[in-house]
Amino acid sequence: AGQVQLEATLQTMRGEYFTKASKPAKVIAINRYMKYAMGVAAVLLLALFLFKPWQSLYDQYSDLEMINPTERGDNTDSLLQRAYVAFNDEEYTEAATILNQVRALRPDDSFTAYYYALASMHAGQTATARQTLQSLYEGESVYKYQAAFYMALCFLKEEDNPAAREWLQKIPADAANYGKAREL
């Protein structure tokens with residue numbers, strides 16, 4: 001009985017708040033072709049952000065940060081610390097200059113030679129970088145295969161693709177950067 005009375009009350013109040021004069025909302029159907037066009041646009045945008053065609057191969061693979069020398073136990077070397085800061089701030093010319101000073105003090109240090117070569121490469125001194133990377137590759141350095149990879153990037157920067165490919169093929173399957181080398 002209470003429900004019937006409530007429904008009657010709501011029916012009488014209905015006219016006050018809901019009139020037939022108001023227009024129903026206009027429904028616009030998205031046709032099938034518009035759905036496909038939006039899907040294709042979404043896939044293209046996703047592909048653009050994933051593959052970044054505006055970014056060169058050199059830029060995609062040359063991004064690297066220098067390891068903090070204090071992590072290696074050289075926390076007393078202020079020159080190396082300054083080189084670390086300059087390198088990671090992408091001030092490669094300054095980093096190369098400082099690392100060259102450190103190399104004069106420690107000529108057999110492969111860590112310094114490796115980052116000196118990378119700073120030189122980024123600073124546009126690819127001949128100097130290649131010379132240092134070549135000596136790292138030919139020696140018994142831990143950076144042997146990283147040197148080969150960045151040697152390939154030096155050639156890639158100079159748009160010498162056959163030489164870059166030759167250096168990438170020198171990286172064996174058990175090297176840490178083998179996957180990046182095959183990808184490149």
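First, the ground rules. The model is predicted, so local features need pLDDT of at least 70 and side-chain atom pairs count only at pLDDT 80 or more, while totals for chains, interfaces and linings use all residues. Residues are numbered from 1 along each chain as its sequence is written, and side-chain values use heavy atoms, with hydrogens and water left out.

Now the chain. It has 10 helices and 0 strands. Helices here are DSSP runs of H or I with at least four residues, strands are runs of E with at least two, and numbering starts at the N terminus. Of the 184 residues, 31% count as buried. Buried means under 20% relative accessible area, exposed means over 50%, and partly exposed is in between, with a 1.4 Å probe and protein chains only. The accessible surface comes to about 12,600 Å². Carbon and sulfur atoms hold 55% of that surface. The areas come from the Shrake-Rupley method with a 1.4 Å probe, and for residues only the protein chains shown count as cover.

Contacts next. A contact is heavy atoms within 4.5 Å. Take the contacts with a separation of 6 or more: 48% of them join residues 24 or more positions apart.

Let's go to helix α6, residues 110–122. Of its 13 residues, 12 are buried, so α6 is largely enclosed by the rest of the structure. Among the buried ones are Phe111, Tyr114, Tyr115, Tyr116 and Met121. What about its length? At 1.5 Å a residue, α6 should span 18 Å, and its end C-alpha atoms are 18 Å apart, which agrees. The expected span is 1.5 Å times one less than the number of residues.

Partner one is α5, residues 92–105. The α5 and α6 axes come within 8 Å and cross at roughly 150°. That makes α5 roughly antiparallel to α6. Axes are lines fitted to C-alpha atoms, for helices over the stretch in contact, and angles run from 0 to 180 degrees between N-to-C directions. Under 35 degrees counts as roughly parallel, over 145 as roughly antiparallel, 65 to 115 as roughly perpendicular, and the rest as oblique. The crossing is left-handed: the near helix is turned anticlockwise from the far one by less than a right angle, where clockwise would be right-handed. On the α5 side, the meeting residues include Tyr92, Leu99 and Arg103. On the α6 side, they include Tyr115, Tyr116 and His122.

Partner two is α8. Its axis is 11 Å from that of α6, at an angle of about 10°. That makes α6 roughly parallel to α8. Tyr114, Leu118, Met121 and His122 of α6 make the contact with Gln146, Ala147, Tyr150, Leu153, Cys154 and Lys157 of α8. This crossing is left-handed too.

Stay on α8, residues 144–157. How many of its 14 residues are buried? The count is 10, including Phe149, Met151 and Phe155. Its 14 residues should span 20 Å, and its end C-alpha atoms are 20 Å apart, which agrees. Just after α8, Glu159 takes a positive phi of about 60°.

Asn177 sits in the loop between α9 and α10. Is Asn177 buried or exposed? It is buried, because its relative accessible area is 11%. Leaving aside neighbours within four places in sequence, Asn177 is in contact with Tyr145, Gln146, Phe149 and Ile171.

Lys180 lies in α10, residues 178–183. At 36% relative accessibility, Lys180 counts as partly exposed. Lys180 and Leu168 are 12 residues apart in sequence and 9.4 Å apart in space, C-alpha to C-alpha.
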